[in-house]
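Thanks for coming. Please have the sequence and the coordinates open.

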Amino acid sequence: MNRIDQRFSELKQQGRKALIPYITAGDPAPQYTVSFMHALVEAGADVIELGVPFSDPMADGPIIQKACERALKQGTRLVDLMQMVKEFRQTDTTTPVVLMGYLNPIERIGYENFADQAASVGVDGVLIVDMPPEEAEEIGPLLKSRDLAAIFLVAPTTSNQRAATICAHGEGYLYYVSLKGVTGAATLNADDVAEHLAPLRGMTDLPLCVGFGIRDGVTAAEVAKVADGVIVGSALVNRIAESVDAPETIAGQLKSVLAEMRTAMDA
């Protein structure tokens, strides 16, 4: 069983919801990323989304755009992410890791090469923001044959017909975008999220995880009542941005932000 499936099965048995933090690999510099990953696990992360730095992250707001710029300025490449996951796996063999990013860096190294490397270092899932299911005909089977979950996004504007297609192709979990806009946007409404998740429940058995707009324990707890998982990115990445001149303090700050959400969700 894929680590993602295993983790959600355990959470369901425990009656708990998944907390899924996102950080951009290589931000503020590559040597800190693995320690950040371990800090997130210590604070209660169930799955880690590791962002692949890209020069044109079209779905992301200014906070993650700037994180990508910082990581790229430090020379962070996709091959470096593979080494980060490999190092993480030396001491953590159970926490699922999902690579999240855009298609261009993967195309640069080749689909099969990417799938081979990801599987060999211990990646569990891949979320390619600008790759809809219809365009996954080539890479999809390569991921599946290596037990790498292909994770897809569903938005508030997605029609039921379109959502059914996405659900049919998705694995691991479904990433529901809670807001019309980019990452880091504000004004999340849990009742609205619940209304949009309801029809998805009839289309798939995949866990439904909600991202965009989760910024503190209150919003995390509200979303956890209606979803199977809570995804938080910009709130963490913003902490990194605020402390780029004191990187040794960042791991502790990430733990503090995430632990508050974990406590609120479990209350």
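Helix α12 covers residues 250-266, and its 17 residues at 1.5 Å a residue should span 24 Å; the end C-alpha atoms are 24 Å apart, which agrees. The expected span here is 1.5 Å times one less than the number of residues in the helix. This is a predicted model: local features need pLDDT of at least 70 and side-chain atom pairs count only at pLDDT 80 or more, while totals for chains, interfaces and linings use all residues. Residues are numbered from 1 along each chain as its sequence is written, and side-chain values use heavy atoms, with hydrogens and water left out. Helices are DSSP runs of H or I with at least four residues, strands are runs of E with at least two, and both are numbered from the N terminus.

Which residues of α12 are buried? They are I250, A251, L254, V257, L258, M261, R262 and M265. They cover an arc of only 135 degrees around the axis, which puts them on the same side of α12. Buried means under 20% relative accessible area, exposed means over 50%, and partly exposed is in between, with a 1.4 Å probe and protein chains only. The arc is taken from the directions from the helix axis to the C-beta atoms. As background, an α-helix has 3.6 residues a turn, so residues three or four places apart point the same way. The cover over the buried residues of α12 includes β1, α2 (33-42), α10, β9 and α11 (234-242). Contact means heavy atoms within 4.5 Å.

At 8% relative accessibility, S243 counts as buried. Leaving out residues up to four places away in sequence, S243 touches T249, I250 and Q253.

Now the sheet. Nine strands form an open sheet in the order β5-β4-β3-β2-β1-β9-β8-β7-β6, with parallel pairing. β5 and β6 (153-154) stand at the edges with a single partner strand each, so one side of each has no neighbour in the sheet. Two strands count as paired if DSSP finds at least two bridges between them.

On one side, β1 (residues 18-24) runs parallel to β9 and is joined to it by four bridges, with I231 as the bridge partner of I20. β8 (residues 208-211) also runs parallel to β9, through two bridges, and V210 has V230 as its bridge partner. β8, helix α10 (residues 217-224) and β9 make a right-handed β-α-β unit. Right-handed means that, with the strands pointing away from the viewer, the path from the first strand over the helix to the second runs clockwise. Elsewhere in the sheet, β3 and β4 pair in the parallel sense over four bridges, and G101 stands opposite I128 in β4.

Helix α6, residues 111-121, has Y111, F114, A115, A118 and V121 as its buried residues. Seen down the axis of α6, these fall within an arc of 150 degrees, so they line one face of the helix. Their cover includes α4 (78-89), β3 (97-101), α5 (103-109), β4 (125-128) and α7 (139-145). After α6 comes G122, with a positive phi near 105 degrees.

That leaves some backbone geometry to check. Most residues other than glycine have a negative phi, and most peptide bonds are trans. F212, in the loop between β8 and α10, is not a glycine and has a positive phi of about 80 degrees. At 9% relative accessibility, F212 counts as buried. D147, in the loop between α7 and β5 (149-151), has a positive phi near 60 degrees. At 46% relative accessibility, D147 counts as partly exposed. The peptide bond joining D27 and P28 is cis, with omega about 5 degrees, and P28 is in the loop between β1 and α2.

Last, E171, which is found in the loop between α8 (160-169) and β7 (174-177). Its side chain makes a polar contact of 2.6 Å with that of K144. A polar contact is a pair of N or O atoms within 3.5 Å; within protein, one must be able to donate a hydrogen and the other to accept it, and residues adjacent in sequence count only if both atoms are side-chain atoms.
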